[in-house]
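Student: I would like to go through this structure with you, taking one chain at a time.

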Amino acid sequence: MIHLETHVLVVGAGGAGMYAAIAAARNGADVILADKSMIGRGGATIMAQMTTAAALGEEEPDSWEKHLDDTLDAGRGLCNEELSAILCEEAIDRIREMDDWKVGWARKDGKITGVMAPGHSVPRCVYVDFLNTGPAVAKCLRTQVARADSALRISGVAINDVVVDDGVAIGAVGWNLEDETPVTIAANAVVLAAGGLTRLYARNSASINMNGDAYAMALRAGAELMDMEFPQFFPIGHLAPRLVGMDPIMWDPFRYKLGGRLFNADGEEFLHRYGGEDADKYTTTRDIISYGITKENEAGRATDNGGVYLSFRHLSEKVLRDAFGPVIDKLANNGIDLMERDVEVSPIAHYHMGGIRVNGSMETCVPGLYAAGEAVGGANGANRLSGNAIPEAFVFGERAGRFAAEYARGRNRSWVADAAVGHVDQLNAMIGRQTDANGEKAALGGMWAELQRLMWEKVGVLRTGDKLTSALTRIRDMRTELESVAPADDNEFNLTLQDWYDLRSALLTAESVTLAAINRTESRGAHQREDFEQTDPGQTYNQRLRLDNDGSIVSDYLSVAGGAQ
Amino acid sequence: MSSPPKNVPITILRGVPEEETYEETFDVPYREGMSVLDAVVWIRTNVDSSIAFRYSCVNANACKECMVAVDGKTEYACTARLSSDGNTVGPLTNKVLIRDLVTDIVPPKENLRTILAERGEG
């Protein structure tokens with residue numbers, strides 16, 4: 001057993017976690033930044049292709065209030081306006097701070113340049129490089145967090161649970177992947193920055209570690225979730241032919257720059273049938289495109305691999321090369337000649353609008369427990385604007401780190417080993433159980449595959465009460481089944497033990513999404529019900545989820561904070 | 001029409017430093033254009049979840065965690081194409097082996113054991 005102590009523990013080292021660690025350190029706190037993967041390598045930020053929305057107004061007049069209006073419109077009435085306003089206003093500060101840190105925002109004539117993206121009224125999406133903004137941002141933050149003397153970075157420590165004593169967060173329990181040693185960390189404040197749940201879906205655009213950890217840890221610690229019925233599907237994820245070395249959402253920048261056309265298997269453009277705009281434009285919002293493609297599939301007009309065609313064949317080679325240069329050759333190496341062939345695309349799970357319920361200081365209802373980045377629910381309502389996720393990571397990360405440091409500073413550490421003992425015993429039982437595995441290999445990979453298929457088919461883009469209810473039954477059974485699965489008997493880098501904890505989080509998160517989706521009997525934003533196709537103004541509320549004492553999830557409804565009812 | 005699926009043999013070098021390493025061969029359904037990472041993920045999902053392997057970003061060559069030796073050559077598993085005749089996949093030979101395909105590529109300052117050793121607590 002290893003025991004560590006700090007002022008602020010940040011769980012998850014993507015964009016939000018790294019920014020939280022930087023902010024906590026510069027506000028006078030000792031910090032531990034822990035990630036089950038490697039610092040600044042996992043999570044969603046590093047996967048970002050391009051767009052980072054901020055109303056800098058360098059090229060065209062813009063204001064954060066306009067950005068806020070666009071964000072609220074996209075959110076379909078469910079945004080927490082306080083959080084949305086913080087996001088839009090402080091995105092400017094964070095983008096400028098990153099500029100000072102020499103992240104390298106693309107410039108034209110000395111001005112940081114912004115592109116137009118669906119749902120925005122002004123071209124305001126800044127970027128570093130049209131396919132590599134995420135890696136550039138992650139690298140910049142890795143450098144900054146390494147310079148923060150009071151921040152200790154730990155790669156390869158998986159946090160399982162927040163430790164709560166008398167209703168207050170006092171640290172966490174986890175384990176060191178390299179040698180399976182249990183780790184306890186005493187902390188005056190804990191920031192959950194391990195958001196995202198896209199791994200729950202068979203088709204997804206995320207890193208392997210995005211499996212709902214933050215939501216599940218928050219629930220188990222007594223915090224509240226909101227808007228869990230709203231995972232976002234990216235409409236045109238790459239499906240076929242097999243493409244390696246590029247992220248499946250890579251067609252987005254192509255569409256920003258070149259438009260592109262979508263066809264079903266019969267060669268027809270179809271977005272107009274669903275309220276969108278066809279032809280060489282990229283104006284239709286993500287939820288409508290996802291809906292349209294899924295409907296075409298259901299109508300039997302799908303491509304061989306279950307998607308639709310994205311075509312740039314109407315463009316000349318010169319236009320393609322002028323826009324994307326060497327990327328055209330990279331695609332050719334993948335057997336994709338855009339002048340000759342179309343590619344198959346499909347919606348893929350991409351982002352989660354819902355998440356942990358916090359106030360403007362990123363505090364949960366559990367004192368000492370904070371959330372940051374995609375882990376936070378509310379700022380994006382029922383549908384997120386393209387470009388709002390990366391500033392959300394920066395802005396909410398910075399705030400969570402700053403306010404957690406303020407809370408933690410000067411507070412006496414009050415580690416209560418008794419409060420951690422249940423979590424430690426559970427971990428030791430999992431490690432010990434391996435010796436009883438009877439030589440059988442834990443079938444955790446198979447369980448993962450089943451959950452991903454189940455969520456994709458029944459809790460995906462188009463939902464019905466019947467599909468959701470059958471998914472809920474199976475998820476609850478799987479939670480029970482997981483209890484009796486033994487990990488493999490390895491001590492070093494035991495991925496089956498990690499799979500077990502990942503699945504524990506994933507199943508609780510999946511149950512939250514499914515239950516919330518059953519309860520919302522309307523279609524709104526990213527939540528589309530085939531049995532309730534219209535938006536019901538009477539359901540303009542947020543749904544709140546909590547864990548009951550017996551471990552079941554309970555929900556109720558809250559009026560939208562700051563929004564019109 | 002796509003051709004009928006064929007299986008290709010993937011040999012994985014397994015084991016921990018203190019024991020003799022061994023080879024284990026798996027038959028993986030081949031799909032045109034698939035990566036070495038696709039093959040390892042298929043094995044973990046369908047045959048043996050206990051293979052130790054490090055990766056995060058799946059196939060975008062963004063996280064840089066999945067570096068292994070493919071037929072003795074250092075490659076990112078996510079961008080190395082699987083040969084239609086199969087491949088041998090092993091851990092990096094110039095890094096300390098942890099288990100199977102996982103080597104110690106974590107910067108020393110981020111490694112908990114190294115941190116504790118420097119504090120005299122390890």
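Student: How many helices and strands make up the secondary structure of chain B?

Tutor: This is a predicted model, in which local features need pLDDT of at least 70, side-chain atom pairs count only at pLDDT 80 or more, and totals for chains, interfaces and linings use all residues. Residues are numbered from 1 along each chain as its sequence is written, while chains are lettered from A and ligands numbered from 1 in the order in which they are written. Helices (H or I, at least four residues) and strands (E, at least two) are DSSP runs, numbered from the N terminus. From the N terminus on, chain B runs β-β-α-β-β-β-β-β-α, and its secondary structure comes to 2 helices and 7 strands.

Student: Which element gives the largest share of the side of chain B that touches chain A?

Tutor: With contact meaning C-beta atoms, placed from the backbone, within 7 Å, 39 residues of chain B are in contact with 44 residues of chain A. The elements of chain B that give two or more residues to this side are α1 (36-46), β6 (97-99) and α2 (112-118). The largest share, 4 residues, comes from α2(B).

Student: How many residues of α10(A) are buried?

Tutor: A residue is buried if 20 or more other C-beta atoms, placed from the backbone, lie within 10 Å of its own. Helix α10 of chain A (residues 389-408) has 20 residues, and the helix is mostly covered, the number buried being 18.

Technical notes:
Two residues are in contact if their C-beta atoms, placed from the backbone, lie within 7 Å. The expected span of a helix is 1.5 Å times one less than its number of residues. A residue is buried if 20 or more other C-beta atoms lie within 10 Å of its own, exposed if 12 or fewer, and partly exposed in between; C-beta atoms are placed from the backbone.
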